[in-house]
Amino acid sequence: MAEAMDGIADGATVLIGGFGAVGQPNALIDGLIEQGAKDLTIVLNNAGSGRVGVSRLMELRRVRRIVCSFPRSSDSTVFEELYKAGLIELELVPQGTLAERIRAAGAGIPAFYTATSVGTLLGQGKEERRFGERNYVMEHALPGDVALVEAWQADRWGNLTFRDSGRNFNPVMATAARLTIVQTQHVVELGDIPPEQVMTPGIHVDRVLHVPYGDPPLF
Amino acid sequence: MPDTAVASYTPLDRKGIARRAADDIPEGWYVNLGIGMPTLIADYVPADREVIFHSENGVLGMGPAPEPGHENRWLINAGKQYVTLRPGASYVHHADSFAIIRGGHLDLCVLGGFEVAENGDLANWATSANDTAPAVGGAMDLAAGAKRLWVVTDHTTKTGASKIVSRCAYPLTAIGSVKRVYTNLCVLDVEPRGFVVRWMVDGLDFDTLQARTDAKLNRD
């Protein structure tokens, strides 16, 4: 694990896959807690829950800023306490804009226009342009220094599949960081994943760690 | 007319609102249902009417909730509830899921609302400009991106304030996007002239409805 997490610097932007408990790279998040990097910007859909994982990382005061669409969940108390105390910055991003900003980063597109958030608080201060009959705001790409990804299968080249709705942000984030670290349930031989079923090609993947933990916990 | 006539109607309950909205969803539509009351709508679309449900986390072709004990822990909807798939279902990643939304490919999105205004503005994500840690999720993308946006909501708040307003006071989710509103009292379309009453619960008359509504209502 220490090897897998090597090179994550203080101040890094870390993209973390998953949606709720599904497709979340829990072992890698624990690895990041162990690894010690601080002053982090964390990009993920939710702002953690309970006292483990991303919540633990925040509780240890290692997160300077969180970029997410839905910080408030049933058990997001660590985030809420820090936020109320002014001890963590929040950049709230509409979920589709978040996904597209990450996608754009991976695709080499520096910015794009979207109708999402036009005329709302989250569109304020953003460049607005009219195309055809409608106004759009400009949104910037959101690249990561590191992406932490959970896969179902991985081979030696880093070709990946994802299970059911565990796909979510994982393939998008895998494309958008300079260092993409994957935890996988299954390690398979080259060729075992039929080419047309590869969901993330290995070109996007730098490191793979075998973590056969089974199913996400029931909630 | 005797005074007792004023109270001679029964507002719909949450299930009733969901059922009323479900009645109007035709065969073949691709539909995204928001968290909360909108999710109930799926229960009232008849099994023989093929409506394809989308969830922001990359699921197309969702079926009903699983039987207890038969949950697939890898298959949840945007509300993080366990769901099932119908034959023909598919998965996409988050950016593709929102390309479906942003690209105008969904026939309908149904969301809940704090306030709906006569110009089609919707407020449903924050109750003040400095709300502590507001959560927006996919609501702004859905409201701006789907071909049609319907809102299901109680007509008034628990304290009796109208949620059907001339202009929203809460922070907006999207501007000029709402096409139709289903409340516990009526169905309203949003047209250039404002709200138009399409349907009322049995026994409710236009003037009584108007008296419970902040915005000006137009007769069909």
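## Salt bridges and basis of the model

Over all chains, a search of the whole structure finds 24 salt bridges, a salt bridge being a side-chain nitrogen of Lys or Arg within 4 Å of a carboxyl oxygen of Asp or Glu. The model is predicted, so local features need pLDDT of at least 70 and side-chain atom pairs count only at pLDDT 80 or more, while totals for chains, interfaces and linings use all residues. Residues are numbered from 1 along each chain as its sequence is written, chains are lettered from A and ligands numbered from 1 in the order in which they are written, and side-chain values use heavy atoms, with hydrogens and water left out.

## A salt-bridge network in chain B

A network of salt bridges links R20(B), D24(B), R180(B), D189(B), E191(B), R193(B), R198(B) and D220(B). One of its pairs is D24(B) with R180(B), at 3.3 Å from N to O. D24(B) lies in the loop between α1 (14-23) and β1 (30-33) of chain B, and R180(B) lies in strand β10 (residues 178-182) of chain B, so this pair ties together parts that are 156 residues apart in sequence. Helices (H or I, at least four residues) and strands (E, at least two) are DSSP runs, numbered from the N terminus. D24(B) counts as partly exposed, at 26% relative accessibility; buried means under 20% relative accessible area, exposed over 50%, and partly exposed in between (1.4 Å probe, protein chains only).

R198(B) is partly exposed at 31% relative accessibility, and E191(B) is partly exposed at 25%, whereas D189(B) is buried at 10%.

## The interface of chains A and B

Chain B places 38 residues in contact with 51 residues of chain A, contact meaning heavy atoms within 4.5 Å. The size of an interface is often given as the accessible area lost when the parts come together. Between chain B and chain A the buried area is about 3,800 Å², and carbon and sulfur atoms give 65% of it; buried area is the accessible area (1.4 Å probe) that two parts lose on being put together, summed over both.

The rule finds one salt bridge across this interface, formed by the side chains of E100(A) and R102(B) at 3.7 Å, N to O. There are 18 residue pairs in polar contact between the two chains, both residues being at pLDDT 80 or more. A polar contact is a pair of N or O atoms within 3.5 Å; within protein, one must be able to donate a hydrogen and the other to accept it, and residues adjacent in sequence count only if both atoms are side-chain atoms. On the side of chain B that touches chain A, the elements giving two or more residues are α3 (94-102) and α4 (139-145) of chain B. The largest share, four residues, comes from α3(B). The residues of this side divide into 22 nonpolar, nine polar and seven charged, where Ala, Val, Leu, Ile, Met, Phe, Trp, Tyr, Cys and Pro count as nonpolar, Asp, Glu, Lys and Arg as charged, and the others, Gly among them, as polar.

## Helix α3 of chain B

The buried residues of α3(B) are H94(B), A95(B), S97(B), F98(B), I100(B) and I101(B). Their cover draws on both chains, including α4 (95-106) and α5 (170-174) of chain A together with β2 (52-55), β3 (59-63) and α4 of chain B. Just after this helix, G104(B) takes a positive phi of about 75°.

The largest nonpolar core has 33 residues, and V14(A), L32(A), I42(A), M58(A), L148(A) and I181(A) have the most contacts inside it. A nonpolar core is a set of buried Ala, Val, Leu, Ile, Met, Phe, Trp, Tyr and Cys residues joined through side-chain atoms within 4.5 Å. The largest share of this core, five residues, comes from α1(A). Another core, of 31 residues, lies apart from it and has A146(B), V201(B), F206(B) and L209(B) among its members.

In α1(A), the buried residues are A27(A), L28(A), I29(A), G31(A), L32(A) and I33(A). They pack against β1, β2, α2, β8, β10 and β11 (207-210) of chain A. G36(A), which follows α1(A), has a positive phi near 100°.

## T184(A) in strand β10

T184(A) is found in strand β10 of chain A and is buried, with a relative accessible area of 1%. A polar atom of its side chain lies 2.9 Å from the backbone oxygen of H186(A).
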